[in-house]
Amino acid sequence: MKGVLLWSCLIFLQLFIGVLAKDFYEVLGLSKGASDRDIKAQYRKLSKMYHPDKNSSPDAHDKFVEVGEAYEILLNEEKRNNYDKYGSPDGPQGGGGDIFEQFFGFGGGGHHRPQQPRGSDTQVDIKFSLKDFYTGREHEISVQMTNLCDACDATGSRDKVYHRCSKCNGQGMLLHKRQLAPGMFQQFQGPCDACKGTGKTITHKCNECNGEGSKLAVRTYRIYLHPGAERNHRNILDGEGDHRPGETSGNLVMFYREDFTSSWGYRRLGKNLYRTEVLTSQEATKGGWNRLIPFFDNDDPIIVLSRLDGQVVQHGEVEVIKGRGMPYSEEDDLHGDLYIDYVVLNVPTLGVKAKAGHDEL
């Protein structure tokens, strides 16, 4: 009976591993004999297709990460050979065999180096005026982040000396055993609680970081907002999240937000701009007026609105000025349009039909 149970579990685990195994060739749409040139070409194509800045679908980010992972493994000769031979870029120790050892306790509980954890991403909101979104802007920002401590070289030790952890004997991991069923045990490894998985302890804590090896400090970055960037544009700085010893840094994610308090009376919807102009009843019925409205364009900073004598403007009338909206193609110098919505004073607004799109602003 035990033999049948063991064999059934082995078959189940093999199927389980087969389901979880990721085919990196399939991710890039390539065959196993693909050349480095083919891998690079597919990576460029797919990374552009799934880049979160250009693809707003819910699974674009995951696809983008998956494509990058496949590219990194298949373009590295050692990792690709390991993957082709063992199904894991880390070789036989990274394959499915370890799962059997941990589940059934085979292999005598050999120690494996724990994978370095990845820190979480850090999000920062940066406000820009609508003029900045129109013209583009280079900007220097200061962000308070967790950084490695310079005073102790990120050791956390005042004298920069480590000692071997006595609880795990410097391995950083402890072997645990868990009963799954009568006569069946799971053997697995977990980080040592005494040294937090580092295998090292310190005697004298660093005064600057209190033994953490990291502390808060200000970082400065120069960033660029390109003309016509979308509101809430996301800029990702890889590996610039919080820096802590023994941890792979996450990303610093910057969101470019619009400061609605400095829009000069303009409103943005996609590539178009909207503005409300108020006229007196005399201006609306008799005409003969001229207005110079400040605008964002440094080369052409004035919008001219006017009516000849006798030209009537209806309440709710919309004037469209072509090419004075937001830029949306730097290479071709393309712009959206500017919509002027005229409101006449002392005219009842009840029953006036809202212009298309205005209720979205």
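A salt bridge is a side-chain nitrogen of Lys or Arg within 4 Å of a carboxyl oxygen of Asp or Glu. The structure is a predicted model, in which local features need pLDDT of at least 70 and side-chain atom pairs count only at pLDDT 80 or more, while totals for chains, interfaces and linings use all residues. Residues are numbered from 1 along each chain as its sequence is written, and side-chain values use heavy atoms, with hydrogens and water left out.

A search of the whole structure finds 21 salt bridges. In one of them, Glu208 and Lys215 meet through their side chains at 3.3 Å, N to O. Asp193 is bridged to Lys167, with 2.8 Å between the closest N and O atoms. Asp193 lies in the loop between strands S5 (184–191) and S6 (200–201), and Lys167 in the loop between S3 (163–164) and S4 (173–181), so the pair ties together parts that are 26 residues apart in sequence. Asp193 is exposed at 56% relative accessibility, whereas Lys167 is partly exposed at 47%.

Arg291 and Glu277 also form a salt bridge, their closest N and O atoms being 2.8 Å apart. Arg291 belongs to strand S12 (residues 287–294) and Glu277 to strand S11, so this pair connects parts 14 residues apart in sequence. Glu277 is buried, at a relative accessible area of 6%. A network of salt bridges links Arg275, Glu277, Glu283 and Arg291.

Helices (H or I, at least four residues) and strands (E, at least two) are DSSP runs, numbered from the N terminus. Four strands, in the order S10-S11-S17-S14, make up an open sheet with mixed pairing; two strands pair if DSSP finds at least two bridges between them. S10 (266–269) and S14 (318–321) are the edge strands, each with a single partner, so one side of each has no neighbour in the sheet. Strands S11 (residues 272–279) and S17 (residues 338–344) pair in the parallel sense over seven bridges, and Tyr274 stands opposite Tyr339 in S17.

Leu74 is located in helix H4 and is buried, at 1% relative accessibility. Contacts of Leu74 (heavy atoms within 4.5 Å), not counting residues up to four places away in sequence, are Phe24, Tyr25, Leu28, Ile39, Arg80 and Tyr83. The C-alpha atoms of Leu74 and Lys40, 34 residues apart along the chain, are separated by 9.7 Å.

Key. Buried means under 20% relative accessible area, exposed over 50%, partly exposed in between (1.4 Å probe, protein chains only).
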